[in-house]
Amino acid sequence: MKLGVNIDHIATIRNARQINEPDPLMALEILKEAGADQVTIHLREDRRHIKEFDAERIIQNSFLPVNMECSINSEIINIICKLKPHRATLVPEKREEVTTEGGLDVIKFENEIKEAINKLHKNDIEVSLFIDPNFEQITKSAEIGAEMIELHTGKYANLHLALNTNINHTPFKIYQNLDRKTLQKEIELEIALIKDAARLGNELNLEVAAGHGLNYQNVKEIANIKEIVELNIGHSIIANSIFIGLKEAVKKMRELIS
């Protein structure tokens, strides 16, 4: 199973002070040495972390394939076509969100997504769609020409946090109205859904990745799904790197999913 490491939050820290450190570019060699298989970055419309100059330098200098997450906004797609990463992962995007909330609605935005896919393919960029583990969304993703899907694991991750951590005793409460027995049942249902979604993706000749909210405590259940070939993980790795260093944080995750 491949590990893509999202380094957006290195840029988040830099932008908090509006200076030139830490530089996301410095992560590239460390990721390679630590056993990562891919660099993932998200060029958002609001540029809240990765900037265009970051993306350009990372693509030009990365030893590893670069997976660029982006919206279906035509301006952004044109930038991606110019930069030419290995892959573009199309995601939903709202200015007010803290992080990506839910998967892309491939059915609702079929025409816009098809247009983006065609443009990216003309520039020799493969396409993945970040979607919920929903059978209709998966089927439509295959129909419109995506090579890959990335299953949104955010619900599973939040359920796992609510059940296994003290988060509901903090200001960041989630699922606080569900008792432990119900949380456990909901986790099992979500894992089963992700497994079935990954299996369907394989049957439709899609490569299947997964990501969002995965961390050192919850990743094993997803890593054990044989149909999933890649995980993209960012926040947890970057957060742990503050305490143990980026190389060790990546190696620790690499070991868990292997």
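Predicted model: local features only at pLDDT ≥ 70, side-chain atom pairs only at ≥ 80, totals over all residues.

Me: Strand S6 has come up already. Which elements do the buried residues of H7 pack against?

Reply: They pack against strand S6 (148-152), helix H8 (180-203) and helix H9 (219-223). Helix H7 covers residues 154-164, and its buried residues include Tyr156, Leu159 and His160.

Me: Let's move to helix H8, where glycine 201 lies. How do you know whether glycine 201 is buried or exposed?

Reply: Its relative accessible area is 0%. Since buried means under 20%, glycine 201 is buried.

Me: What does glycine 201 touch, leaving aside its neighbours within four places in sequence?

Reply: Glycine 201 is in contact with Ile138, Ile149, Leu206 and Val208. As for methionine 148, it is 53 residues from glycine 201 along the chain, and their C-alpha atoms are separated by 8.4 Å.

Me: Now helix H1, residues 8-17, where alanine 11 is found. What makes alanine 11 buried?

Reply: The value for alanine 11 is 0% relative accessible area. That is under the 20% cut-off, so alanine 11 is buried. Not counting residues up to four places away in sequence, alanine 11 touches Pro24, His49 and Ile50.

Me: How far is alanine 11 from glutamate 248?

Reply: They are 237 residues apart in sequence and 20 Å apart in space, C-alpha to C-alpha.

Me: Which residues have the most contacts inside the largest nonpolar core?

Reply: Those are Ile7, Leu90, Leu129, Leu151 and Leu231, in a core of 76 residues. The largest share of this core, 7 residues, comes from H8. Isoleucine 7 touches Pro24, Leu28, Ile58 and Ile238, among others.

Me: Where is the cis peptide bond?

Reply: It joins glutamate 21 and proline 22, with omega at about 0°. Proline 22 is in the loop between H1 and helix H2 (27-34).

Me: What is the phi of aspartate 124, and why is aspartate 124 called buried or exposed?

Reply: Phi is positive, about 60°, although aspartate 124 is not a glycine. Its relative accessibility is 71%, and exposed means over 50%, so aspartate 124 counts as exposed. You'll find aspartate 124 in the loop between helix H5 (110-122) and strand S5 (126-131).

Me: And what makes histidine 212 partly exposed?

Reply: Histidine 212 has 23% relative accessibility. Buried needs under 20% and exposed needs over 50%; 23% falls in between, so histidine 212 counts as partly exposed. Histidine 212 lies in the loop between strand S7 (207-211) and H9, and has a positive phi of about 110° although it is not a glycine.

Terms used. Residues numbered from 1 in each chain as written. Heavy atoms only, no water. Helix = DSSP H or I, 4+ residues; strand = E, 2+ residues; numbered from the N terminus. Buried < 20%, exposed > 50% of the residue type's maximum accessible area, 1.4 Å probe, protein only. Contact = heavy atoms within 4.5 Å. Core = buried A, V, L, I, M, F, W, Y, C linked by side-chain atoms within 4.5 Å.
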